Every structure is written in C-alpha cells, then in structure tokens.
Amino acid sequence: MRFASKLKLASSFIKTTLCHNCPTRCFTTTDQLFKLPANWGSGKSRRKLALLKLKYGEDYLKFTMSGSEAVNLEEILAPLRIAVKEQGDIVRKMKEEKAAEIDIKKAVTELKARRKALEDKELAFQAKDDKFDRSRMEDLLKRRFFYDNSFAIYGGVTGLFDFGPVGCAMKTNILNLWRNHFIIEESMLEVDCSMLTPEAVLKASGHVERFSDFMVKDLKTGECFRADHLLEAHMEKLSMDKKCTPEKRKEYEQVAREVDNFDQETLGQKLKMYNVKSPVSGNDVSDPIEFNLMFSTSIGPSGIIPGFLRPETAQGIFVNFKRLLEFNQGRLPFAAAQIGNAFRNEISPRSGLIRVREFTMAEIEHFVDPNHKDHPKFEDVADLNVTLYPAKVQLNGESPQVWKIGDAVEKGIIANNVLGYFMARIYLFLMKIGVKSDKFRFRQHLDNEMAHYACDCWDAECKTSYGWVECVGCADRSCYDLKQHTKATKVPLVAEKKLPEPKTINVVEVQPQKSIIGKEFKREAKAIMEFLLSFNECDVEELESALKEKGEMMYKIDGKSYTIKPNMVNINRCQKKVHVEEITPSVIEPSFGIGRIMYSILEHNFACREGDDQRGYFTLPAVISPVKCSVLPLSNNDQFKPLVKQLASNLSKLGISHKVDDSSGSIGRRYARTDEIAIPFGITVDFDSLQEPYTATLRERDSMQQIRAPLSELPGIVSDLSTGQRVWTEILKSYPLFEGQESVTKS
C-alpha cells in the first residue's frame, strides 16, 4: 500500500503532526517521536501533503494523497515496540525486587497503555483489502433477518437480540458442529443445568463479591452509564476538537488508554476533572458506584431464597462433579460440557453481538490429575501451526508468532499439553466454521490479567472492524472452583487415586460429644454433629486453634448460628495406612462465546461481487450455512412443478435444508437473493430438465460455476458437499461445466 493510503487509514486512530523545523520529517504520536528519512516519498507527494495541511488543517490526513513509495511499517512501529519493551522490563524488575503493590500496579497500567498504542497503530496500518463497509453488512443482516434488536416494535432493548430464521439456522449448525467436534469426538459428558442459581453457589464461586463494573447516573433523569466507557468517549470527543492543542490531545489520549485500569476513586476524580456530563441530556452525573453485573431475583413465592440468572454455565458442572465422577466410574481424566444461555446485566452494551446482556455459551470443564496434566491424544495435534501472542512477546513489544503447538508446550510457553491440546482443538473448530486464519491469534493473559487461581490462560481472538475480539477463553483454572464449593458445602468434591503401594498418613479428626451436644442443642444436635464430622484437616485445626485462644467457635448452619465449646468435641490425632489418596482435580476450561464467534465469522465472510458493490453476500462454509441448497425453476412453467417437488422431497429425505424460490424474478436476481443468505448451492430446473436424460444445473455460490448432472444424482452431490465429504473441485472433475442453456422450448 502507498504511504499516503497508510496515513489515511491511520487518521481515525491517531493524530499526527508534521514538523518542518528539522532536516528529517518527524511524526509525533501520543507516546513517541519517530522519524522518517527526509527523502521519503516523491517531491510531488510531499508538496500535496503540505497543500492538504494548509487547506484542511489538522484534519488533512483524512484525505487521500498520491505517492508511489511505501514506507517500511516496521520502521514506524519500532519506537512503539521499544517503549513497550522498556516498560515491560521495568515491570519484571519491580516484581523480582518485590516492590510495593501500588507501584507495580502503576507500572502495569503504563505498560498496558503503551501496548494499546502499539496495537492501535498496527490496526491503523492494516491493508486496504482488510477494510470493509460494516454498515453495508449490518444492513444486509437486518434486511434478511439474521438477527435484530429484541422488542423492536416497542423501541427495542439495548443488549438483547432476536435471531431470525437465517441466524437461528446458522447458530444451530454451529452448535451441532461444536457438539460433534468436542462432545462426540472427545467422549465428553453433556449436562444441561438450571439457569436460576441460588446466591450461595455464586458467593462460593466469588461472583457475588467480584463480578462488577463502575457505573454513574444522570442526576436528573436517573439514566445509567458505564463510567469507564463514558470517560473514554468524552476523551475521544475532546481530542477530536479542532481547537485542541497537541499537548492536550496527548493528555486526553493517555487518559483514554488508561481508563480500564482506574479504581473507583481515580475514575471519580477524572470525571470531575474533565467535567463529564450525561451524553444524552447534558446533565451532571453521580460519582462512580460499584454495580454487580448479575441479574438478581428471588426463588419461590416467599422471596426468602435469593438467586441470580447464571453469569456463566460452568458452575452447574462444578456442583455436579461428584455425580459426574460416579457416572465415569470414579476415573480421571474426564470432561463435562454444557451449551446454554448466560446473563450479564451490562451497564452499556455495545458493538452488536459482541457485548450483550443475554448470550449463548458452550463450555467444557476437563478434570485432570493436577500432577499429571497429560492428554493421550496430544501427539495428534503437536505439529499444528497456530499464531501465538505469548505474554513475554507482549512485554517485549514484539508481534505474534507462529508456533507448533508441541514446540510451544515443550518450551513452556503453554503450561501443559492438556491446555495445548484444547487450544489446538479450538483452532481446528474455528477454522472449520469459517474464521480466517490470518485474522486469528491466541493471546496469553499477562500476570495482572490472570485470575489469582489460574495457572495459565489464553484467549482465542478474532480480528474484526471493532479490533481484536475475544471469542474463546482457554484456561487452566487449577482446582479453585471445586475447593470453593467444598469449603462452602462441606461436601468433598474430590477423586480417589490408587497408590502404587500403601502408605501411612497422619490423621486429624473431630469427635463430637453426643450427650453434651444433644443436651445443649436438642433437635438441632443431629445437624450440628453431621456438620462437625464433615470437617477436613484444615477445618479441624481452625476449630482447635479457636477453642484454645477464644474458648469457643461460632458456625452458621442453615442460616442459624451455633457456638461450639471445648467440652463438646474431642480432637483426635492418629496414623492410618491408606491404599488410595484423595486429590482435588485441576480443571482445564475452554469457554466459547457463540454470539461473538458468529459475528466474527459473518464479518470474515462478507464479500461483494466484483464490479458490483451493491451485491453483498456471505461466503459461509457449507457446514454452517443456514440453508444448504436452493431449488429454482427457470420460469413458472407448470411442467417444472413435478420436478421441483421431487427434488425437494429427495433433499428432505437426506436431511438437507433447502429453499424453493419459484418467484417471478429473473434467475440472476434469484441467485443474488440466495447468495445474500449464504446458500452455497443452487439447483436450477430448466427446459433441458424436461428431456432425457433429465438433468439440471448445480451452481456453486462463491465461484458462480455450474455443472449439469442427472436429477437423481443431485441430492446426493449436495449432501456430500454440505457435509464436507467432497469438495467442489472434485465435482468439476466428474461432471461437465455448464456455460449456457442448450435447449429453448416455448413455455
């Protein structure tokens, strides 16, 4: 691409200032000053750049300029990469020296800001062919009812979407393929758990305490906004002001980049400092408050059982671990999977299907011995090449790299081969359903992004017009969830592992004094003794310590508080010979956001016919196309009707979704309509079909090539093509290419 075109593309992301006071042409961004050779481009291009600047001021980069010489993109990005690496080295050194937590946090905030500046710059200089008209695609999606805002006739509700016939069929095909690719091929145990979740479950998992964002309210109307999004939009608005000085623009852009890392207090200070108002009414807004993103409800008519709509499907699998382990005959490893809806009460949903309030998830929880994280099928995928963006590479300001999965595990980039195996399987699935490999990467979480209990975590990201979008998370969650639910319920969520030979262990247990507990607590005595007998070693030691120091220990059982005193229990210590040991399994969790995947696929596969930008269509793979085949009679001639009816019947018997279009439009217009809803194949019944040997044409959507084949064979051909058993190039070798109608008969 010409340098001028690169500058034009970059204008929406950065503001650049040309300096005439030095022998080299200098471009200043918000973070760095990088220099280009004084003789870059032609003299004509430099003169035109100067004229454009004089005419349009600082907005001159929005206009196309000509120029034949390209500038090496890496030369432009080099200063930003160096800045990221320098800050990454600072963060590493501070962690090694165990610096104060607040200082490390500030350094990490600056690191993330520099990394974002680098990524924004890379996106700004993407190839021209990588750009597309999102509004045109979204218009097509809406017009053909792939999906639309829910309750549209009532004005719609932000963050809620209804899938129409086309979108619903596409989504169903993706989920069916997911079920085959993972559940069936990997022999997983599928469950379907309740979406209503008691508060106690989500307290144990940490969602009640930590699952929140900061929100502000319009002080007059009460309308709510997500605080960080509001501040970010305000900074963008201020920086786009023509009167804004370069120093102020730099300040605003810095705040916008760092907004994700602000705590409640800092966010409030920035909102006041920049006089942020409601974008709707212009009224003042409140100080930021913490808002839990779960939809709360009460279970039952009494309202005494608080609950939530689940924010993820995973917890249903964790609480059923014991039953699943029994079903699997007590053996590890095994995996459980679930497809279902989850809910998050987003403060300000945006970006279509990417940030919504109700969405479909497909999650896997693979339970494995924490000391033996090996997968028996790892060698099948070890040679697979994938694009990885490891944490170390991010800290050094470098670009993502292509790695073999096996090499990445061997070098310790991926924590273990179970995680590596599932990353490979995720990649193969996404490629199968239409994600483009050149717009895909696995990005590793940095230490400050990773949950405290996670060993390693990677996001499968797809590049879209919104930037890089996380579509699948793949994490080694260690044994955190099972331990949390064990702690909350006193039900041991553990597996037994047979030892090579018996060993002697020290046992600490609590022995309730029945007579004393019975006399003190009467009817509640049984529940209290069962509670005490469920204690693990840590619980017993905690009780013993409290009885020695305080002389009592208070517990809450079924909502009531009970005080245990020293005379009510005996603490026994002994040795025991065991043949098995109890282990709490680690969990490897791939988690798929189906809506985000769908949007990425639609964007990656949207195209326009060459020479006709108005003919938009989707090049979806046949396996997920909403409808596999169209049946098109060339005209309304009654002689075609029996043939069309027989074709439709034969397609149905083979389980092939199809659409008969016998409208009066031209065949070209009807082809265009079927292309819009991504139908990959079209059978056209013409006048030659009425003559022996009774053939019809089969059209392939992307190439628009057609072959002629016997009517009796066409349903089988479409079936093979739709399921991936055959490809179009193989069909071309077996049947003659059709280039025009051979017979004409009066209708």
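Modeller: Two strands are said to pair if DSSP finds at least two bridges between them. Strands (E, at least two residues) and helices (H or I, at least four) are DSSP runs, numbered from the N terminus. This is a predicted model: local features need pLDDT of at least 70 and side-chain atom pairs count only at pLDDT 80 or more, while totals for chains, interfaces and linings use all residues. Residues are numbered from 1 along each chain as its sequence is written, and side-chain values use heavy atoms, with hydrogens and water left out.

Colleague: How many bridges join strand S29 to strand S30, and which residue stands opposite Gly682?

Modeller: Strands of a sheet pair through backbone hydrogen bonds, either parallel or antiparallel. Here S29 (residues 681-685) and S30 (residues 695-700) run antiparallel and are joined by four bridges. Opposite Gly682 stands Arg699 in S30.

Colleague: In what order do the strands of this open sheet lie, and which are the edge strands?

Modeller: The order of the five strands is S28-S27-S29-S30-S31, with mixed pairing. Strand S28 (658-660) and strand S31 (706-710) are the edges, each pairing on one side only. On average, neighbouring strands of this sheet are turned by 25 degrees against each other, direction ignored. Axes here are lines fitted to C-alpha atoms, for helices over the stretch in contact, and angles run from 0 to 180 degrees between N-to-C directions.

Colleague: Which helix lies across strand S27?

Modeller: Helix H23 (residues 667-676) lies across S27 (629-633), S29, S30 and S31, and runs at about 165 degrees to S27. The loop between S29 and S30 holds Pro693, and the peptide bond joining Glu692 to Pro693 is cis, with omega about 10 degrees.

Colleague: Where else is a peptide bond cis, and which residues other than glycine have a positive phi?

Modeller: Most residues other than glycine have a negative phi, and most peptide bonds are trans. The bond from Leu332 to Pro333 is cis, with omega near -5 degrees; Pro333 lies in the loop between helix H13 (321-327) and strand S13 (334-343). As for phi, Phe145 has a positive value near 55 degrees and is placed in the loop between helix H5 (134-143) and strand S4 (147-149). Asn275, also not a glycine, has a positive phi of about 50 degrees, and belongs to the loop between helix H11 (264-273) and strand S10 (289-292).

Colleague: Why does Phe145 count as partly exposed?

Modeller: Buried means under 20% relative accessible area, exposed over 50%, and partly exposed in between (1.4 Å probe, protein chains only). Phe145 counts as partly exposed because its relative accessibility is 36%. Asn275 is likewise partly exposed, because its value is 48%. Of the 747 residues of the protein chain, 49% count as buried. In helix H21 (residues 594-604), 10 of the 11 residues are buried, among them Ile594, Met598 and Leu602.

Colleague: Which residues have the most contacts inside the largest nonpolar core?

Modeller: A nonpolar core is a set of buried Ala, Val, Leu, Ile, Met, Phe, Trp, Tyr and Cys residues joined through side-chain atoms within 4.5 Å. The largest has 69 residues, and those with the most contacts inside it are Trp178, Leu430, Phe592 and Phe618. Helix H16 (residues 417-432) gives the most to this core, with 10 residues. Apart from this core lies another, of 24 residues, including Cys629 and Trp728.

Colleague: With which residues is Trp178 in contact?

Modeller: Contact means heavy atoms within 4.5 Å. Leaving aside neighbours within four places in sequence, the contacts of Trp178 include Ile183, Ala337, Ile364, Phe429 and Phe592.

Colleague: What is the volume of the second largest pocket, and which element gives the most to its lining?

Modeller: On a 1 Å grid over the protein atoms alone, a pocket is an open set of points where a 1.4 Å probe fits, with protein on both sides within 12 Å along at least five of seven lines; lining residues have an atom within 4 Å of a point. Grid points are joined across faces, edges and corners, and a volume is the space filled by probe spheres set on the points. The second largest pocket has a volume of about 1,300 Å³. Of its 38 lining residues, the closest to its centre are Phe535, Asn536, Glu537, Cys538 and Glu582. S20 gives the most to this lining, with eight residues.

Colleague: Is Val540 buried or exposed, and which residues does Val540 touch?

Modeller: Val540, found in helix H20, counts as buried because its relative accessibility is 0%. Not counting residues up to four places away in sequence, Val540 touches Val508, Glu509, Val510, Phe535 and Ile571. The C-alpha atoms of Val540 and Ile571 are separated by 7.6 Å, although these residues are 31 residues apart along the chain.
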